[in-house]
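Hello,

Here is the structure for you to look at. My notes follow below it.

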Amino acid sequence: MKPRPESIPGPPNIVLLVDDANDCLEMLNMALQSLPGVVIRCAHTAEDALKLLAANRISALITDIQLPLMTGLELISRVREQPALQKLPIVVVSAATDPAAPGAAFACGANAFFPKPFSPAAVRRKLEELMYA
């Protein structure tokens, strides 16, 4: 892994967090906000996330599976259908109790899966690895 740059020239790296639970969004925001050159954006639904993805240059996506209306797995599938987002790092953080959930997330195109409760530091390390590798 390349060392993380201390200052990132140019536009910020936008990390999009998608979860309907504010406490999870706040925990991830606190864990990631000190990454140099990173700006955090949050969405409570997959539909809002798709709007943000269409309007911004997103550098990474962290999503829950259990979201209202469209699931996180559907969101990942929709993201991976877009040629410009094929290599977008996607991390899933989920309380899904189905033992098949991690496999389903990877099958849809996720790069990493963390069950809730999760270690914010582990998610941060994985995100850094995916973004700066």
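Leu61 stands opposite Ile90 in strand β4. Strands and helices here are DSSP runs, numbered from the N terminus (strands are E, at least two residues; helices are H or I, at least four). The model is predicted, so local features need pLDDT of at least 70, side-chain atom pairs count only at pLDDT 80 or more, and totals for chains, interfaces and linings use all residues. Residues are numbered from 1 along each chain as its sequence is written, and side-chain values use heavy atoms, with hydrogens and water left out.

**Strand β4 and its partners**

β3 and β4 run parallel, joined by 3 bridges. Two strands pair if DSSP finds at least two bridges between them. β4 also pairs with β5 in the parallel sense, over 4 bridges. There, Ser94 stands opposite Pro115 in β5.

β3, helix α3 (residues 72-80) and β4 make a right-handed β-α-β unit. So do β4, helix α4 (residues 101-108) and β5. Right-handed means this: with the strands pointing away from the viewer, the path from the first strand over the helix to the second runs clockwise.

Why is β4 largely enclosed by the rest of the structure? Because 5 of its 5 residues are buried. Buried means under 20% relative accessible area, exposed over 50%, partly exposed in between (1.4 Å probe, protein chains only). Ile90, Val92 and Ser94 point one way from β4, while Val91 and Val93 point the other way.

Take Val93. Its relative accessible area is 1%. Beyond four places in sequence, Val93 touches several residues, including Cys24, Ile62, Phe114 and Val123. A contact means heavy atoms within 4.5 Å.

**Helix α5**

Helix α5 (residues 120-132) has 13 residues. The helix reaches 18 Å from its first C-alpha to its last, close to the 18 Å expected at 1.5 Å a residue. That expected span is 1.5 Å times one less than the number of residues. Among its buried residues are Val123, Leu127 and Met131. The buried residues of α5 pack against β1, α1, β2, β3, β4 and β5.

**Cysteines**

How many disulfides does a search of the whole structure find? It finds 0. A disulfide is a pair of cysteine sulfur atoms within 2.5 Å. The sulfur of Cys42 is 9.7 Å from that of Cys24, too far for a bond. Cys24 is buried at 5% relative accessibility, whereas Cys42 is partly exposed at 40%.

**Confidence**

Mean pLDDT (the predictor's confidence in each residue, from 0 to 100) is 91 for the chain. Over residues 1-5, pLDDT stays under 50.

Best wishes
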